[in-house]
Amino acid sequence: MDVKGTWSSLYWLFCQFELITCSYLMEPWEKVLFYSFNLAVAGLLLYTAYVCAAFHLSSAFQLLCDSLGNQRENALAVVK
C-alpha cells in the first residue's frame with residue numbers, strides 16, 4: 001500500500017473541504033470551533049443512525065417473526 005499516496009490524497013481532500021467551506025479564510029481559533037462543531041454534528045448523526053437502524057431492524061425482525069408465527073397458529077386453528 002502506498003502510504004505517501006494515501007496521505008497526499010487525504011491532504012487533497014482536506015484542501016477541497018477547506019475550499020468548499022471557505023474555512024481557509026478563518027483564523028486558527030475559528031477553525032478549531034468550526035471543525036469541532038462539524039465533528040460533533042457528524043458524530044451525533046452517526047450515533048443516531050446507528051441507534052435508529054438497530055431499533056428499526058429489531059422491530060422489523062420481530063414483526064417478521066410474529067407474522068410467520070401467526071400463520072402457523074392460524075393454519076393449526078383451521079385444521080382443528
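1. Is Glu18 buried or exposed? Glu18 is buried, because its relative accessible area is 12% (buried means under 20%, exposed over 50%, partly exposed in between, with a 1.4 Å probe and protein chains only).

2. This is a predicted model: local features need pLDDT of at least 70, side-chain atom pairs count only at pLDDT 80 or more, and totals for chains, interfaces and linings use all residues. Residues are numbered from 1 along each chain as its sequence is written, and side-chain values use heavy atoms, with hydrogens and water left out.

3. Glu18 forms a salt bridge with Lys31 (a side-chain nitrogen of Lys or Arg within 4 Å of a carboxyl oxygen of Asp or Glu). The closest N and O atoms are 3.2 Å apart. The pair links distant parts of the chain, 13 residues apart: Glu18 sits in helix α1, Lys31 in helix α2 (residues 28-79). Helices are DSSP runs (H or I, at least four residues), numbered from the N terminus. Lys31 is partly exposed, at 21% relative accessible area. A search of the whole structure finds one salt bridge.

4. Helix α1 has 19 residues and should span 27 Å at 1.5 Å a residue (1.5 Å times one less than the number of residues). Its end C-alpha atoms are 27 Å apart, which agrees. Cys22 follows α1, with a positive phi near 60 degrees.

5. Trp12 lies in helix α1 (residues 3-21). Trp12 counts as exposed, at 52% relative accessibility.

6. An unreviewed UniProt entry places "transmembrane region" at residues 7-26 and 32-53; such annotations may be inferred rather than shown by experiment. Residues 7-26 are 75% helix and 0% strand. Residues 32-53 are 100% helix, with end C-alpha atoms 31 Å apart.

Terms used. Helices (H or I, at least four residues) and strands (E, at least two) are DSSP runs, numbered from the N terminus.
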